[in-house]
Each structure stands twice: as structure tokens, then as C-alpha cells.
Amino acid sequence: MRELQHNAHSVFLMYYHLVLVVKYRRKVINDDISERLRRIFDYISPKYGITIDEWNHDKDHVHIMFTAQPKSELSKFINAYK
């Protein structure tokens, strides 16, 4: 488990669980595709103050556990990732 994070005026620990599902639940995600999705996530996430804690996938969806800062713009991050 992570330690509490802090900035000048607050202490926080914000976990998020994101599930991304393939359209029509098509079974297209394999290890190679999951690894590519993770590399893209790793490339974009530092710009938004996001760090991955866990990454799992099945054939039709991806589970991502990540932490963010209160100032993170999650909706902009998700749109950039999509």
C-alpha cells in the first residue's frame, strides 16, 4: 500500500479503478495489445500526475488501478488516452 501523498495544504491518497471495455465485448485483447495499451498509458499519465498501481486484462476488457493528485484532470486524461 502506498503512503499518503501531500502538497502545501493537504494530505491525500486517491485511488481509482478504471475498466475499459472493448466495443461489443469483442475478444481482441491479448498480451501484446495489453502491453501496447499500458505503454500508451505510461506515456500519457505523467503529464496528468497519475501513476499506475495495477494493470490486468482479459480478452474483452482492461482493469487499471491508479493513483492521482487532487489537481489531476481525470476527464481530460481519459479523453487523451482514448
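Guide: Helices here are DSSP runs (H or I, at least four residues; strands are E, at least two), numbered from the N terminus. This is a predicted model, in which local features need pLDDT of at least 70 and side-chain atom pairs count only at pLDDT 80 or more, while totals for chains, interfaces and linings use all residues. Residues are numbered from 1 along each chain as its sequence is written, and side-chain values use heavy atoms, leaving out hydrogens and water.

Visitor: At what angle do H1 and H2 pack, and how far apart are their axes?
Guide: Two packed helices are described by the angle between their axes and the distance between the axes. For H1 (residues 31-44) and H2 (residues 74-81), the angle is about 140° and the axes are 10 Å apart. That makes H1 oblique to H2 (under 35 degrees is roughly parallel, over 145 roughly antiparallel, 65 to 115 roughly perpendicular, the rest oblique).

Visitor: Which residues in H1 and H2 meet?
Guide: Leu37, Arg38, Ile40, Phe41 and Ile44 of H1 meet Phe77, Ala80 and Tyr81 of H2, contact being heavy atoms within 4.5 Å.

Visitor: Where in the chain is confidence lowest, and where highest?
Guide: Where pLDDT is low, the predicted coordinates should not be read in detail. pLDDT is the predictor's confidence in each residue, from 0 to 100. Strand S1 (residues 5-6) is lowest at a mean of 82, and H1 highest at 97. The chain's mean is 92.

Definitions and conventions: Axes fitted to C-alpha atoms, helices over the stretch in contact; angles between N-to-C directions.
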